[in-house]
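Reader: I would like to learn how to read a few features of a model. Please take me through them one by one.

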Amino acid sequence: MIKVLLAEDQVMVRQGLKAMIETDKEIEVTGEADNGRQAVALCEKQLFDVAVLDIRMPEMDGIEAAKVLRSRFPHLKILMLTTFDDNQYIMDALKVGVSGYMLKDGDTESLIRSIKSALKGGLSLQDQVAAKVVPELLKAEEQESIDPTLTPRERAILKCIGEGLNNREIAERLGLSVGTVKNQTSQILDKLALRDRTQLAIYAIRHRLV
């Protein structure tokens with residue numbers, strides 16, 4: 001069973017999201033919070049696989065909560081949820097290292113798919129979000145050249161990560177084992193001095209690999 005923490009300050013919205021998520025029998029919302037501070041406190045007491053956090057919450061917003069959760073619970077996958085498809089919110093969330101950014105008016109299937117994708121190491125962005133964030137990532141005044149130490153295989157894996165594929169999907173596309181993909185991803189992170197897959201995805205987009 002996939003255990004989900006759901007943090008949303010509006011009770012009716014939270015109940016609706018919980019009902020959507022639990023239409024999948026493999027997922028259960030085992031913790032609910034009104035704000036980011038409560039979400040962090042719950043993670044201190046319970047084990048969750050995925051945290052779904054609203055961006056705008058009282059006391060501690062979703063971005064700040066995500067920063068704390070990422071530092072204290074590196075195993076926890078985080079999805080940001082909001083009605084505000086604002087470029088800066090998107091960029092801030094991605095810089096924290098979240099596994100996806102979903103709009104509240106999205107459909108049930110997309111939300112469930114994003115939760116499962118996050119657990120497999122994928123990066124989920126709804127089409128409306130991707131349409132905003134990709135041009136923003138490409139706005140650099142000067143395009144830096146891609147790191148020359150990356151091998152052709154590493155570049156291929158990096159491209160796949162930029163497309164949001166998880167390790168299994170990358171392995172299938174490139175004809176590699178999942179273990180090889182994991183090891184190569186770690187090597188790419190070391191070479192580029194980056195923290196996580198989200199930063200790798202941003203790097204791939206910025207350098208026009210996707």
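Author: This is a predicted model, where local features need pLDDT of at least 70, side-chain atom pairs count only at pLDDT 80 or more, and totals for chains, interfaces and linings use all residues. Residues are numbered from 1 along each chain as its sequence is written, and side-chain values use heavy atoms, with hydrogens and water left out.

Reader: Which residues in helix 8 meet which residues in helix 9?

Author: Contact means heavy atoms within 4.5 Å. Helices (H or I, at least four residues) and strands (E, at least two) are DSSP runs, numbered from the N terminus. Here Asn167, Arg168, Ile170 and Ala171 in helix 8 meet Val178, Val181, Lys182 and Thr185 in helix 9.

Reader: At what angle do helix 8 and helix 9 pack?

Author: Axes are lines fitted to C-alpha atoms, for helices over the stretch in contact, and angles run from 0 to 180 degrees between N-to-C directions. Under 35 degrees counts as roughly parallel, over 145 as roughly antiparallel, 65 to 115 as roughly perpendicular and the rest as oblique. Helix 8 (residues 167-174) and helix 9 (residues 178-192) pack at about 110°, with axes 8 Å apart. The two helices are therefore roughly perpendicular.

Reader: Which value of phi does glutamate 59 have?

Author: Most residues other than glycine have a negative phi. Glutamate 59 has a positive one, near 70°. This residue is in the loop between strand 3 (50-54) and helix 3 (62-72). With a relative accessible area of 60%, glutamate 59 is exposed. Alanine 193 also has a positive phi, about 55°. Its place is the loop between helix 9 and helix 10 (197-206). Alanine 193 is exposed, at 67%.

Reader: What volume does the second largest pocket have?

Author: Rolling a probe the size of a water molecule over the atoms shows where empty space is left. A pocket, on a 1 Å grid over the protein atoms alone, is an open set of points where a 1.4 Å probe fits, with protein on both sides within 12 Å along at least five of seven lines; lining residues have an atom within 4 Å of a point. The second largest pocket has a volume of about 370 Å³. Of its 23 lining residues, the closest to the centre are Arg70, Lys77, Gly121, Asp196 and Arg197.

Reader: Which element gives the largest share of that lining?

Author: Helix 9 does, with 4 residues.

Conventions
Buried < 20%, exposed > 50% of the residue type's maximum accessible area, 1.4 Å probe, protein only. Points joined across faces, edges and corners; volume = space filled by probe spheres on them.
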